[in-house]
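This report covers selected local features of one protein model. The structure is shown first, and the notes follow.

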Amino acid sequence: MRVAIIGAGLAGLSVAFEVRQLVPDATIDVFEATDRIGGKLRTVAFNDGPTDMGAEAFLAIRSDALEFFEQLGIADRVVHGSGLSSLVYSEGALHDLPQGQIMGVPASSESVRALVSAETCALIDAEATAAPIEWQVGGDMSLGELVTSRFGQEITDRLVSALLGGVYSCLAEDLGVRATIPFLAAALDRLAESGEPVTLSAAVRGLLERRPKPSIKSVFGAFEGGYATLYEALAEQSGADIHIDTFVTSLQKYLQDYDRVLVATPAPTAAVLFKDVCPEASVELKQVQLASSVVVGLKFDSDAGLPEHSGVLVAADATDVKAKAFTFSSKKWPHLGARGGALVRVSFGRFGDDSALRLDEDELVDIALDDLQTVTGFDGRAAGVSEIFVQPWYGGLPRFSETHLDTVARVREALADIEHVEVAGAWADGVGVPNVIAGARAAARRLVSDS
């Protein structure tokens, strides 16, 4: 069997590995348009050791991911976070990230009183007896619009958008409930199906009551040597021939020359690839919009004065800084802290706002240092900046709007008419390393199922 995979990011490489397990004698070719493998995972060689400038964590409570790393033989390279909590920057001050919430959506006002006004607290506490949400079981709606209509704009800006901004590079208004917090959508479904009044507070309260206590100190994991540990292992063990700097513009030739073809590219690129072979899928893929962002990695000689927390989320209504989040990597990850000094990642950019990507690097670094000092009081210049790395992510993440899941379903429906073709990647399977891996492995199984 000859298999062509377009895209050498995490999805494409995971497919290549899975195909090798399922069909050991397969000929696997992976075609990558850029000059490196790994896609949105990127490990940079800082002087003190490898450092991730793309994704830097995965949910360590996902047993399927951990089992996959075991299969790859790299489970012993997995490290866990320090368990330090995050802060929220709002109204010119730092606040502890409230407990008693699900992705920023609280069950009551008790945990958020220090962060929002008395008027907002009153809205939250009255929500349980307000007119029920007009929720369609199995449907979706704008997360920001839902939260604002029930709890007020302050909760949306200071918690929900702050938390999801780092994950999706979007404001809550640009995201769908089911597309981004599926367990919250499922809780709303349960209320509707049971005939109970559908309210946010009841849904969140139910989730909090069911939430299992993690058996590990930190729910986040990483790799001691960065994500290069993962994507290099996948590349090696897949036994695939990987062709970098190979830009594919059409699938026609590959459908003729290969028995199976899988596309693991961002949605807009996939739209171009499918234009001639499946116009219906191409039209749908064009509906997927992308959010751009940029990460500024800063290594300091000293961490004196840096808060003893894992990082800071910036409220969407903050006007005195441009950054959306700060990760204190050397505080969050003990293996990075052991290197000495401080390692900080500063994140910029949300859907519809790519202004940070248009700045030159020197200006962006100055803004990052200024914002860090404004938010935390830590003077990075005085601490000594020993290394800098700026990583732009143009169109790095799909926008998971309230219509996104329907779009994905229509793409899959259109592609069902083409034999031996599959898709994988974040736009199709969800963000986060475990989601991408799980989706890619499932796609690989479908791809070779009739071999």
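## Helix 2 and helix 9

In this predicted model, Phe 68, Phe 69, Gln 71 and Leu 72 of helix 2 are in contact with Leu 230, Ala 233, Leu 234 and Gln 237 of helix 9. By residue class, this contact comprises 6 nonpolar and 2 polar residues, with no charged ones.

Helix 2 spans residues 63-72 and helix 9 spans residues 228-238. Their axes come within 11 Å and cross at roughly 55°. Helix 2 is therefore oblique to helix 9. The crossing of the two helices is left-handed.

## His 95

His 95 belongs to strand 8, which covers residues 93-96. Its relative accessibility is 18%, so His 95 counts as buried, the cut-off being under 20%.

Leaving aside neighbours within four places in sequence, the contacts of His 95 are Leu 87, Val 88, Ser 90, Ala 114 and Leu 115. For Ala 114 there is also a polar contact: a polar atom of the His 95 side chain lies 3.3 Å from the backbone oxygen of Ala 114.

## Ala 382

Ala 382 is part of helix 16, residues 380-383. With a relative accessibility of 65%, Ala 382 counts as exposed, since the cut-off for that class is over 50%.

Ala 382 can also be placed relative to Ser 302: the two are 80 residues apart in sequence, and their C-alpha atoms are 9.0 Å apart in space.

Notes
Residues numbered from 1 in each chain as written. Predicted model: local features only at pLDDT ≥ 70, side-chain atom pairs only at ≥ 80, totals over all residues. Heavy atoms only, no water. Helix = DSSP H or I, 4+ residues; strand = E, 2+ residues; numbered from the N terminus. Buried < 20%, exposed > 50% of the residue type's maximum accessible area, 1.4 Å probe, protein only. Polar contact = N/O pair within 3.5 Å; in protein donor to acceptor, adjacent residues only side chain to side chain. Contact = heavy atoms within 4.5 Å. Axes fitted to C-alpha atoms, helices over the stretch in contact; angles between N-to-C directions. Parallel < 35°, antiparallel > 145°, perpendicular 65-115°, else oblique. Left-handed = near helix turned anticlockwise from the far one by under 90°. Nonpolar A, V, L, I, M, F, W, Y, C, P; charged D, E, K, R; others polar.
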